[in-house]
Amino acid sequence: TKAQESLESSLEKLKSNPSVNPETVAKVEAALETTTGKINEINEEYDLVGAGTTAFSVIGDLVEKAVKKASELNDEYKLTEKAMSALGGAVDKAKSAAK
């Protein structure tokens, strides 16, 4: 995960600093191991990655269906043309009123 990669990167930076106390490095390593273990445990228990992928897939399907339906309705009722016509009329009225 990104959080885990960020923690690992921070640990490497900490290790490369010669003025850092070795006890501090050991504490950060222990915290990283614990955090990594908990992340893996939660992911296995709740299948967060699989559930997230499924949710995005479902959302993608729904968006695709909505776009197709909107296109069908537009083709059937000429909604875009009507909206452009109404907008053009409103602009013309606003121009006339501004004179």
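Trainee: What kind of contact do the side chains of Lys68 and Glu64 make?
Mentor: Lys68 and Glu64 form a salt bridge, with 3.4 Å from N to O. A salt bridge is a side-chain nitrogen of Lys or Arg within 4 Å of a carboxyl oxygen of Asp or Glu. Please note that this is a predicted model, in which local features need pLDDT of at least 70 and side-chain atom pairs count only at pLDDT 80 or more, while totals for chains, interfaces and linings use all residues. Residues are numbered from 1 along each chain as its sequence is written, and side-chain values use heavy atoms, with hydrogens and water left out.

Trainee: And where do Lys68 and Glu64 sit relative to one another?
Mentor: Lys68 and Glu64 are four residues apart in helix H3 (residues 48-77), so about one helical turn separates them. Helices are DSSP runs of H or I with at least four residues, strands are runs of E with at least two, and both are numbered from the N terminus.

Trainee: Is Glu64 buried, partly exposed or exposed?
Mentor: Glu64 has a relative accessible area of 42%, which makes it partly exposed. Buried means under 20% relative accessible area, exposed means over 50%, and partly exposed lies in between, using a 1.4 Å probe and protein chains only.

Trainee: How many salt bridges does a search of the whole structure find?
Mentor: The search finds three. One of them joins Glu29 to Lys15, whose closest N and O atoms are 2.9 Å apart. Glu29 belongs to helix H2 (residues 22-46) and Lys15 to helix H1 (residues 2-16), so this pair ties together parts that are 14 residues apart in sequence. Glu29 is partly exposed at 27% relative accessibility, and Lys15 is partly exposed at 40%.

Trainee: Which residue does Glu72 pair with?
Mentor: Glu72 meets Lys69 in a salt bridge of 3.8 Å, N to O. These two are three residues apart in helix H3, and so are separated by about one helical turn.

Trainee: New topic: which residues form the nonpolar patch on the surface?
Mentor: The patch consists of Phe56, Ile59, Val63 and Val67, with about 420 Å² of accessible area together. Patches are made of residues with over 30% relative accessible area and no salt bridge; like charges are joined within 9 Å, and nonpolar side chains (Val, Leu, Ile, Met, Phe, Trp, Tyr) within 5 Å. Val67 lies in helix H3 and is exposed, at a relative accessible area of 55%.

Trainee: How many helices and strands are there in the protein?
Mentor: The protein has four helices and zero strands.

Trainee: What about H4: how many of its residues are buried?
Mentor: Among the 20 residues of H4, the count of buried residues is zero. In the protein as a whole, buried residues make up 5% of the 99 residues.

Trainee: How does the radius of gyration look beside that of a compact globule?
Mentor: The protein has 28 Å, whereas a compact globule of 99 residues would have a value near 13 Å. The radius is taken over C-alpha atoms, and the globule rule is 2.2 Å times the number of residues to the power 0.38. Along its principal axes, the C-alpha trace spans about 80 × 40 × 15 Å.

Trainee: Finally, what is the mean pLDDT?
Mentor: The mean pLDDT is 80, and 95% of the residues reach 70 or more. This score is the predictor's confidence in each residue, from 0 to 100. Among the elements, H1 has the lowest mean (78) and H4 the highest (84).

How values were computed
Accessible areas come from the Shrake-Rupley method with a 1.4 Å probe; for residues, only the protein chains shown count as cover.
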